[in-house]
Amino acid sequence: MTTHPGIESTLRAAVAQRLGESRFGLWFGEGVRLGLTEGSDSLEIAVPNAFFRDWIQSHFAGNLVDAAREVTGRSLRLAFRVDGEAPPPLGHVVEPPPPDANDRPSAPPAPISIPIPPADRPRSQVQAPASHPTTPTPNRPSRRLDDFVVGPGNRLAHSAALEMVQTLGGSFSPLVIQGGVGLGKTHLLEGIGAALRARHPGMKVVHITAEAFTNGFLDAMRHGTLTAFRARYRGAGALLVDDIHFLAAKRATQDEFLHTFNALIADGAPIILTSDQHPRQIAKLTDELATRFLGGMVVKLEAPDPSTRRAILQAKAAARGVIVPEAVLAFVAEHLRASVRELEGALHSLIAHATMTGKRLDLALARTALRDTIRHTARAVALKDVEKAVCQLFQIEPEALKADNRARAVAYPRMLAMYLARKHTGAAYSEIGRFFGGRNHSTVISAEKKVLGWIKDEARNGLLAGFEMMSDLLNALERTLGA
Ligand code: ADP
Ligand code: MG
């Protein structure tokens with residue numbers, strides 16, 4: 001989205017007017033963004049999860065199209081984007097309803113013009129205000145380290161955060177918190193910032209996103225205010241930068257950041273960074289910067305395990321003053337696994353659903369309310385995944401699996417692969433046959449029968465050391481597939 005902030009707020013106001021403040025607040029609050037891309041005929045709606053998409057689409061599509069028409073003078077289509085999903089999910093594009101017969105003729109056909117950012121500038125540059133806030137999201141109460149639910153997947157990152165606050169980095173600055181979308185990077189960073197401020201009241205804690213840093217730097221270059229820009233960062237008592245992967249391929253900004261970084265390290269100021277990738281994996285990051293980033297400590301956030309997921313849900317429900325039955329928490333924790341943001345989104349949706357329908361928040365409601373979300377987020381196992389898992393375990397090449405070779409050493413793994421493909425990918429027999437070397441569907445059916453026979457007869461495995469039974473092999477493969 002390259003939406004000018006003024007346009008987004010006009011759009012939001014137009015939608016709010018149609019929905020009323022409370023419904024608007026519920027469905028278009030934090031996490032839902034509206035935007036327009038120049039030259040496109042879509043109103044883009046970024047939502048935190050599939051539930052929001054489906055709900056907004058089925059309840060407010062007309063209002064959105066209407067509001068967009070009022071603001072832009074054009075009839076736009078709706079294009080949903082579920083954050084964290086690969087763009088663009090074309091399957092979710094909704095055609096606008098035909099223009100309303102009693103459409104206000106006074107609606108001014110005011111085509112918007114969006115300033116085009118000069119080449120090489122990040123797209124959201126157009127949003128950059130003259131001064132760049134040092135707290136990225138000022139409208140939301142800051143998250144605290146105390147609110148962070150700790151489990152095996154994030155314990156190390158959490159203790160590193162505490163350590164950072166206590167020792168101001170000591171020998172392990174910079175601290176890089178690495179993790180996928182919605183796993184708590186920003187939460188930890190904000191928590192560190194708040195704790196540093198509380199513990200060291202006079203300290204100048206500078207907290208910024210890498211995007212805002214980039215925008216600020218480019219602005220300063222343009223306006224000849226580099227000295228002031230540098231002073232702001234280089235005089236920091238602590239520097240917290242969110243989402244440094246954003247610096248990928250931005251050479252000039254990287255150089256600037258390197259100088260800032262060096263100056264602060266020389267001053268002994270703690271630096272905490274977050275990234276969705278390991279610094280070595282960030283594309284087009286100068287070697288020098290990557291090396292600096294690795295000079296301290298990199299801690300990884302993993303997706304939470306089931307009991308942490310439940311504890312997080314419980315904490316979030318309690319924070320909202322809602323009592324959610326244990327069975328519902330277990331249900332949500334069981335089905336939404338990828339990230340904490342997704343868990344939060346589901347809980348939010350459930351509470352909203354219960355509030356709006358006036359129904360009790362029980363398991364039945366949870367099943368109905370989250371049915372689509374769960375269907376959309378269930379991890380699909382692909383044929384390629386099966387191939388990879390089998391080849392890895394048996395140490396054979398994919399070509400061997402597909403070749404016309406009947407030796408047991410490859411024919412048995414092939415049969416296991418076909419069985420697993422049938423069980424976990426949802427692919428048809430014929431498709432599986434084609435994938436594994438152009439075989440016909442009856443071959444797949446007999447492979448499946450054979451494997452089922454092995455399981456039933458508790459057949460011993462003579463193929464691979466370390467696995468006594470055929471079923472042990474299958475279990476190992478299924479664990480790899482996450483099935
Ligand atoms: P990221 O920056 O990694 O994409 P966020 O820090 O924005 O993710 O986290 C997404 C949401 O999940 C936030 O609302 C955050 O407060 C919450 N969250 C993540 N991890 C935890 C946790 N361990 N305990 C409590 N809330 C969490
Ligand atoms: Mg974040």
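Which residue in E8 is the bridge partner of Leu175? In this predicted model, the bridge partner of Leu175 in E8 is Ile272, and the report below sets that pairing in its surroundings.

Residues are numbered from 1 along each chain as its sequence is written, while chains are lettered from A and ligands numbered from 1 in the order in which they are written. Because the model is predicted, local features need pLDDT of at least 70 and side-chain atom pairs count only at pLDDT 80 or more, whereas totals for chains, interfaces and linings use all residues, and side-chain values use heavy atoms, with hydrogens and water left out.

The protein chain holds 19 helices and nine strands, where helices (H or I, at least four residues) and strands (E, at least two) are DSSP runs numbered from the N terminus. Of its 483 residues, 45% are buried, a term that means under 20% relative accessible area, with exposed over 50% and partly exposed in between (1.4 Å probe, protein chains only). Among the contacts in the protein chain with a separation of 6 or more, 71% come from residues 24 or more positions apart, contact meaning heavy atoms within 4.5 Å.

Strand E8 (residues 271–275) is mostly covered, since five of its five residues are buried. Ile271, Leu273 and Ser275 point one way from the strand, while Ile272 and Thr274 point the other way. Two strands pair if DSSP finds at least two bridges between them, and the pairings of E8 are set out here.

| Strand paired with E8 | Sense | Bridges | Bridge partners |
|---|---|---|---|
| E5 (residues 175–179) | parallel | four | Leu175 and Ile272 |
| E7 (residues 238–242) | parallel | three | Leu240 and Ile272 |

From E7 the chain crosses through helix H8 (residues 251–267) to E8 in a right-handed β-α-β crossover, right-handed meaning that, with the strands pointing away from the viewer, the path from the first strand over the helix to the second runs clockwise.

Elsewhere, helix H14 (residues 383–394) and helix H16 (residues 408–424) pack at an angle of about 150°, with their axes 10 Å apart; axes are lines fitted to C-alpha atoms, for helices over the stretch in contact, and angles run from 0 to 180 degrees between N-to-C directions. In this packing, Leu383, Val386, Val390 and Phe394 of H14 meet Pro413, Leu416, Ala417, Leu420 and Ala421 of H16. The contact residues divide into nine nonpolar, no polar and no charged, where Ala, Val, Leu, Ile, Met, Phe, Trp, Tyr, Cys and Pro count as nonpolar, Asp, Glu, Lys and Arg as charged, and the others, Gly among them, as polar.
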